[in-house]
Amino acid sequence: MAASQFQKIAAAALLGACLSFSPASASDSTDSTLFQSIIKDQMSAFAAGDAKAAFSFATRSLQQKFQTPEFFMEMVRQGYRPVYEPQSVTFGRSKVTKYGPTQEVYVTGPKGQNWLALYAFEQQNDGGWRISGCYLTKSEGFAA
């Protein structure tokens, strides 16, 4: 599959997943420490080249869309380089939206550009949380 075609498919699938995550549970609070830990662990898996571990932090619906840890890892490497290979990471606000809990992450990518990664989370049947999507956009700087 050509790289540009791969990126289009991956971006569409991840954006769709981000827009389709389920509403928040009855709780109005977020556990920013837990969400930050999940994001840090996934980024550590990216840095270690551990596709299986990185894939394990994604919801089952994302796993079904990307099918294999290797395909998921390649999509992130190509389309989400700032979170795949960050120079620095600063956490912003966690909040509950009408779509569920989110966590802001300010990253400096491998080329020194600043980005905002908005991570969405979905609570699983076992009560745990997994990443249901990530929306990446250029940022002028970091949150205070």
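Helices and strands are named here from DSSP runs: a helix is a run of H or I with at least four residues, a strand is a run of E with at least two, and both are numbered from the N terminus. The model is predicted, so local features need pLDDT of at least 70 and side-chain atom pairs count only at pLDDT 80 or more, while totals for chains, interfaces and linings use all residues. Residues are numbered from 1 along each chain as its sequence is written, and side-chain values use heavy atoms, with hydrogens and water left out.

K111 is placed in the loop between strand 2 and strand 3. K111 is exposed, with a relative accessible area of 84%; the terms are set so that buried means under 20% relative accessible area, exposed means over 50%, and partly exposed lies in between, using a 1.4 Å probe and protein chains only.

Four strands form an open sheet in the order 1-2-3-4, and their pairing is antiparallel; two strands pair if DSSP finds at least two bridges between them. Strand 1 (88-97) and strand 4 are the edge strands, each pairing on one side only. On average, neighbouring strands of the sheet are turned by 20 degrees against each other, direction ignored. Strand 2 and strand 3 pair in the antiparallel sense over seven bridges. V105 stands opposite A117 in strand 3. E104, found in strand 2, is buried, with a relative accessible area of 11%. The residues that E104 touches include T90, F91, L116 and L118, not counting residues up to four places away in sequence; contact means heavy atoms within 4.5 Å.

Helix 2 lies across strand 1, strand 2, strand 3 and strand 4, and runs at about 50 degrees to strand 2. Such angles run from 0 to 180 degrees between N-to-C directions, and axes are lines fitted to C-alpha atoms, for helices over the stretch in contact. Two packed helices are described by the angle between their axes and the distance between the axes. Helix 2 and helix 5 pack at an angle of about 95 degrees, with their axes 12 Å apart. These two helices are therefore roughly perpendicular to each other, since angles of 65 to 115 degrees count as roughly perpendicular, those under 35 as roughly parallel, those over 145 as roughly antiparallel and the rest as oblique. Where the two helices meet, Q42, A45 and F46 in helix 2 face F72, M73 and V76 in helix 5 as contacts.

What is the size of the largest nonpolar core, in residues? This core has 30 residues, and those with the most contacts inside it are F72, V76, V105 and Y119. A nonpolar core is a set of buried Ala, Val, Leu, Ile, Met, Phe, Trp, Tyr and Cys residues joined through side-chain atoms within 4.5 Å. Among the elements that each supply at least two residues of this core are helix 2 (32-48), helix 5 (69-79), strand 2 (100-108) and strand 3 (114-123). The largest share, six residues, comes from helix 2. V76 touches F46, R81, V83 and Y84, not counting residues up to four places away in sequence.

The structure also holds seven aromatic pairs. Rings of Phe, Tyr and Trp (its six-membered ring) pair if their centres lie within 6.5 Å; planes under 30 degrees apart count as stacked, over 60 as edge-to-face and the rest as tilted. F35 and W129 form an edge-to-face pair, 5.3 Å centre to centre with 80 degrees between the planes. Because F35 lies in helix 2 and W129 in strand 4, the pair ties together parts that are 94 residues apart in sequence. F35 is buried at 1% relative accessible area, whereas W129 counts as partly exposed at 21%. Ring pairs also link F46, F55, F66, F71, F72 and Y84 into a cluster.

Q67 counts as exposed at 67% relative accessibility. Most residues other than glycine have a negative phi. Q67, although not a glycine, has a positive phi of about 70 degrees.
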